[in-house]
Amino acid sequence: MSRKLLLEHINVPGINTLEVYRQKGGYRAVEKALKTLTPEEVVEEVKKSGLRGRGGAGFPTGMKWSFLAKPEGVARYLVCNADESEPGTFKDRYLMTYIPHALIEGMIVSSFALGAKVSYIYVRGEMMPQIRILEKAIAEAKAAGWLGKNILGTGYDLELYVQPGGGAYICGEETALLESLEGKRGNPRIKPPFPAIAGLYGCPTVVNNVESIAAVVPIINDGGDEYAKIGIGRSTGTKLISASGNLVKPGVYEIELGLPVEEFIYSDEYCGGIANGKRLKATVAGGSSVPVLPANLTLKLANGEPRLMSYESLSEGGFATGTMLGSGGFIAFDEDQCIVRNTWNFSRFYHHESCGQCSPCREGTGWMEKILHKIEHGHGTMDDVDLLWDVQRKIEGNTICPLGDAAAWPVASAIRHFRDEFEWHIKEPVKSQSQNYGLANYATPIEKAPVTEEK
Amino acid sequence: MLKVEEQTPVTFSSELLAKFDEIKSRYPEGKQKSALLPLLHLVQAEFLWVPTSAMDQVAAYLNIQPIEVYEVATFYTMYFLKPQGKYALEVCRTGPCCLVGAEKILSHLEDKLGVKEGEVTPDGLFSFRGVECLAACGFGPVLQISPEYTFYENLTTESVDKLIEDLKNK
């Protein structure tokens with residue numbers, strides 16, 4: 001069994017209550033931080049831990065914290081990004097549902113480190129049950145003196161509020177989230193200035209994912225150095241992986257970073273293999289935005305070495321033969337799934353969710369959806385595949401926020417690795433309506449894509 | 001006034017306004033506009049949709065222009081700008097749920113309820129629509145029912161039938 005830091009007590013009855021959470025050692029991190037550490041020391045521990053943003057970007061959390069501007073007399077804010085909307089990702093919902101106090105404890109410690117007196121948890125509006133759970137847990141914590149004025153007699157004050165979203169994927173982008181929290185449409189802001197300088201209400205603000213904030217608790221309890229010993233290389237600690245698709249046991253798993261992908265898919269400790277005895281065709285390893293990979297490149301790197309669940313190993317080979325860890329939304333496709341249909345589905349999603357600010361994204365996502373719809377429904381021509389490639393290239397890198405890239409990458413990777421399947425839909429317009437292509441006859445990459453660093 | 005649907009003006013109860021006050025107190029002085037999204041959710045929970053007259057009253061309450069409310073209400077997908085069924089069913093239609101049969105659930109609902117996506121059944125009880133990812137991909141297919149947003153996982157056509165019957169008999 002691998003080490004669990006976040007989900008260790010997930011199966012303890014009543015762990016959603018303050019009483020049981022306390023019995024299992026909860027709120028020790030608050031006591032330790034507020035009573036024995038300075039805010040700077042807390043930031044230092046998080047830096048030492050090597051924790052990287054768990055929302056998808058993978059940016060070092062401690063470094064993000066250290067960028068926060070601290071002008072005299074200006075409020076600072078910590079905002080938790082609980083707008084979990086990336087298709088394939090459902091770990092934050094799980095954490096908030098079953099161990100809400102882990103997030104609240106992390107929020108208190110993190111707010112203390114950043115000097116925030118008011119913090120918000122921005123939860124996507126559809127998660128009304130989770131909002132009710134969090135509000136109840138916050139009331140419990142406040143009644144017990146973990147929130148409010150003069151916490152533990154240390155003189156530190158903190159108010160914590162839950163803010164519902166309104167149903168918009170784009171609000172997972174941090175500046176769109178801040179706009180939404182200010183009561184506006186979720187249109188991402190042009191950066192710079194970054195939120196660390198001018199965020200919520202123009203004040204210095206840090207926005208962190210639920211899992212990142214919850215991870216601060218074990219980091220403070222055990223020390224940043226201890227946390228950094230878990231994992232592999234620059235991928236330290238544990239990560240929640242949301243496993244979905246055609247798996248025997250889909251669900252949320254906490255893994256130590258560095259676990260071989262093959263073990264994750266096939267071992268009984270994790271997903272237990274592909275459902276109904278079928279074979280694996282492809283995976284999307286880190287949420288719908290990251291490149292889809294065929295089974296062979298999922299399990300092994302291009303050089304034949306095993307691929308691992310880590311930031312580095314998953315992106316090994318760049319976009320030509322690799323993908324990204326992203327948010328840890330691991331989607332598995334069995335041999336009967338249609339790559340064209342799924343790519344069309346994802347494109348419809350991005351078209352639906354584009355905020356409409358930037359023309360390449362607003363128009364391009366619609367084009368991609370239409371072309372893919374045409375191919376999937378047996379009306380495609382060979383030119384369409386090239387047109388699709390052309391459109392996605394013109395979106396990537398040409399928008400204010402990464403939604404454009406996120407819409408382009410799944411399309412690009414599907415064509416890169418499964419071009420045969422697209423062409424089969426075009427050559428066999430009738431047959432492709434009643435049957436699937438089956439396991440991939442993996443195409444040779446049509447271009448050597450430049451290595452794109454995780455942003 | 002935003003013309004979305006013929007409608008009679010609604011009135012806010014004192015209980016609803018008390019909830020408004022509590023939410024408004026969560027933000028710094030002068031930043032009351034932050035309360036807009038939560039307030040619209042409260043309005044929708046009360047009236048099952050967001051009528052224009054309610055948006056105008058929310059604007060007046062927050063001391064902002066009506067257009068600032070309209071632009072938000074039309075941007076976010078959760079706010080219903082026309083009346084829905086008493087139970088508004090929202091089925092996830094995004095990739096991972098489709099891998100495990102979401103499309104079948106949507107077409108089954110259409111047959112079962114006898115209305116198309118977005119329409120309300122003649123008895124006023126049900127409406128349904130496909131929505132984008134609900135962040136429960138490992139437990140798909142899933143649907144949620146507003147205004148409470150109760151959540152149903154691992155759907156089959158049989159479990160959907162049972163759910164509909166249970167709601168009818170409620």
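Predicted model: local features only at pLDDT ≥ 70, side-chain atom pairs only at ≥ 80, totals over all residues.
**View 1. Chain B as a whole, with 7 helices and 4 strands**. From the N terminus on, the elements follow the order α-α-α-α-β-α-α-β-β-β-α. Along the principal axes, the C-alpha atoms of chain B fill a box of roughly 50 × 35 × 25 Å. Chain B has 170 residues, and 42% of these are buried. Take the contacts in chain B between residues at least 6 apart in sequence: 62% of them join residues at least 24 apart.

**View 2. The two domains assigned to chain B**. Domain 1 covers residues 14-75, and domain 2 covers residues 87-168. Their C-alpha centres lie 28 Å apart.

**View 3. The contact between chain B and chain A**. Chain B brings 34 residues to this contact, and chain A brings 45. Three helices of chain B, α2 (36-47), α4 (66-75) and α5 (95-99), each supply at least two residues of the side that touches chain A. By class, that side of chain B has 20 nonpolar, 8 polar and 6 charged residues.

**View 4. Four cysteines of chain B annotated in UniProt**. An unreviewed UniProt entry places the feature "binding site" at Cys92(B), Cys97(B), Cys133(B) and Cys137(B). The four span 46 residues in sequence, yet no two of their C-alpha atoms are more than 9.0 Å apart, so they gather at one spot.

**View 5. Cys97(B) in helix α5 of chain B**. Is Cys97(B) buried or exposed? Cys97(B) is buried, because 30 other C-beta atoms lie within 10 Å and the cut-off for a buried residue is 20 or more. Not counting residues up to four places away in sequence, Cys97(B) touches Cys92(B), Ala102(B), Cys137(B), Gly140(B), Pro141(B) and Val142(B). Two residues of that list, Cys92(B) and Cys137(B), also carry the "binding site" feature in the UniProt entry.

**View 6. Cys137(B) in the loop between β2 and β3 of chain B**. Strand β2 covers residues 126-131, and strand β3 covers residues 143-146. Cys137(B) is buried, with 32 other C-beta atoms within 10 Å.

**View 7. Domains 2 and 3 of chain A in contact**. Chain A is divided into domain 1 (18-229), domain 2 (235-334) and domain 3 (339-434). The C-alpha centres of domain 2 and domain 3 are separated by 23 Å. Each of these two domains gives 9 residues to the contact. On the domain 2 side, strand β12 (residues 292-294) gives the most, with 3 residues. The residues of that side divide into 7 nonpolar, 2 polar and no charged.

**View 8. Helix α15 of chain A, residues 339-353**. Helix α15 has 15 residues. From its first C-alpha to its last, α15(A) reaches 21 Å, close to the 21 Å expected at 1.5 Å a residue. The helix is mostly covered, with 13 of its 15 residues buried.

Methods
Residues numbered from 1 in each chain as written. Chains lettered and ligands numbered in written order. Contact = placed C-beta atoms within 7 Å. Nonpolar A, V, L, I, M, F, W, Y, C, P; charged D, E, K, R; others polar. UniProt positions renumbered as here; feature names shortened; annotations may be inferred. Buried ≥ 20, exposed ≤ 12 C-beta atoms within 10 Å, placed from the backbone. Domains from an automatic or database assignment. Expected span 1.5 Å × (residues − 1).
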